[in-house]
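Subject: Structure handover

Hello,

Here is the structure for you to take over. My notes on what was found follow below it.

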Amino acid sequence: MTRFVLRRLLQSGVVLLGVTLVVFLLLQLVPGDPVRVALGTRFDPETYEALRSRAGLDRPLPVQYASYVGHALTGDLGVSFRSGRPVTAIVLERLPATLSLALTAVVFALLVAFPLGVLSALRSGSVFDHAARVFSQFGVSVPDFWMGIMGILLFAGVLGWFPPSGYVALTKDPVGWLSHVFLPAVTVGLVTASILTRFIRSSVLEVLAEDYVRTAEAKGLPTRLVVVRHVLRNALIPVVTVVAVQLASLLGGVIVIEVLFAWPGVGRLTYDAVQARDYPVLQGAVLLVAALFLLVNLLVDVLYARLDPRIRVR
């Protein structure tokens, strides 16, 4: 296991290097001068040249990339063109908001999808099964921004139960955080729950058709025992991958939802950086998202070996 983790970490480093190269090259194709955008319409040539020199934009592209990678290895992702603050500090400030939203949305999705998917598979063809499938199809088909707008109109505008936007840190005010995170988490969680419900239902149905399940039933084991011991333990293994992918996507920032609810997460940071052509912040945010994806994938591979002893990591 230790050798496997070390090898995956090395591979992750190569992937991150490739991500930095692709992002760096793509940013060179974007029209416009980020320094001019940062300075505004009125600036003197001395200030312009000083900012370009400080950002290293006056050097050849290979030198710029090598310098960026070298500083990134030490945790220095550069300085924001717009605010002049270190990019590392800016990204880390936004990370807790994204983590709280992503984890809350995934927990809500699991609480909804797990019972729906399992009961839908166990009662295949019933009214409950059809209702669960309609819910799943609805959540996948309807845009999340529309559900967010409807949630704001109903729960914030009409009922006044929750604030329409904003963010409060969990450590400062847990009740305030819960009231602010509810609407965006439910909006994102409904979409995720719809996806998970379909996968859980399909996985449980597949396991129910296995010979060892029929053998257990033929031995006279109670249905509840068969489901818990034989069906769920095997059906949930592939579902872990789907949950991990959804979690990694949410950790990367749900840009539309974060903008809609004025949520100060990584997605909103990326959106603002694109608009302001703040390339160092954009590179830092993309690098963080890639690192989170790789970390989640590594944890899932390790979890596989714990859930199913037949799986051996190599």
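Among contacts in the protein chain between residues at least 6 apart in sequence, 72% join residues at least 24 apart. Please keep in mind that this is a predicted model.

Overall picture

The protein chain holds 13 helices and zero strands. Read from the N terminus, its elements run α-α-α-α-α-α-α-α-α-α-α-α-α. The C-alpha trace spans about 85 × 55 × 35 Å along its principal axes. Of the 314 residues, 40% count as buried.

Confidence

The average pLDDT of the protein chain is 80, and 91% of the residues score at least 70. Confidence is lowest in helix α2 (residues 34–39), where the mean is 67. It is highest in helix α5 (residues 87–122), at 87.

Helix α8 and its partners

Two helix pairs were examined, and α8 takes part in both. In general, two packed helices are described by the angle between their axes and the distance between the axes.

In the pair of α6 (residues 127–141) and α8 (residues 174–208), the angle is about 135° and the axes are 8 Å apart. The two helices are therefore oblique to each other, since an angle has to be over 145 degrees to count as roughly antiparallel. The crossing of α6 and α8 is left-handed. On the α6 side, the contact is made by Asp129, Ala132, Arg133, Phe135, Ser136, Gln137, Gly139 and Val140. The α8 side supplies Leu190, Val191, Ala193, Ser194, Ile195, Thr197, Arg198 and Arg201. By class, the contact of α6 with α8 has seven nonpolar, five polar and four charged residues.

In the pair of α8 and α10 (residues 223–251), the angle is about 155° and the axes are 9 Å apart. These two helices are therefore roughly antiparallel to each other. Their crossing is right-handed. Residues of α8 in this contact include Val188, Thr192, Ile195, Leu196 and Phe199. Those of α10 include His230, Val231, Asn234, Ala235 and Leu236. The contact of α8 with α10 divides into 16 nonpolar, five polar and no charged residues. Ile195 of α8 is listed in the contact with α6 and in the contact with α10.

Individual residues

Is Arg201 buried or exposed? Arg201, in helix α8, is buried, because its relative accessible area is 15% and the cut-off for buried is under 20%. Leaving aside neighbours within four places in sequence, Arg201 is in contact with Gly117, Ser120, Ala121, Ser124, Asp129 and Arg133.

Gln137 is found in helix α6 and is partly exposed, with a relative accessible area of 41%. Gln137 and Arg268 are 131 residues apart in sequence, and their C-alpha atoms are 28 Å apart in space.

Where does Ala262 lie? Ala262 is in the loop between α11 (255–260) and α12 (266–276). Its phi is near 50°, a positive value in a residue other than glycine. Ala262 is partly exposed, with a relative accessible area of 34%.

Regards

Notes. Residues are numbered from 1 along each chain as its sequence is written. This is a predicted model: local features need pLDDT of at least 70, side-chain atom pairs count only at pLDDT 80 or more; totals for chains, interfaces and linings use all residues. Side-chain values use heavy atoms; hydrogens and water are left out. Axes are lines fitted to C-alpha atoms, for helices over the stretch in contact, and angles run from 0 to 180 degrees between N-to-C directions. Helices (H or I, at least four residues) and strands (E, at least two) are DSSP runs, numbered from the N terminus. Angles under 35 degrees count as roughly parallel, over 145 as roughly antiparallel, 65 to 115 as roughly perpendicular and the rest as oblique. A crossing is left-handed if the near helix is turned anticlockwise from the far one by less than a right angle, and right-handed if clockwise. Contact means heavy atoms within 4.5 Å. Ala, Val, Leu, Ile, Met, Phe, Trp, Tyr, Cys and Pro count as nonpolar, Asp, Glu, Lys and Arg as charged, and the others, Gly among them, as polar. pLDDT is the predictor's confidence in each residue, from 0 to 100. Buried means under 20% relative accessible area, exposed over 50%, partly exposed in between (1.4 Å probe, protein chains only).
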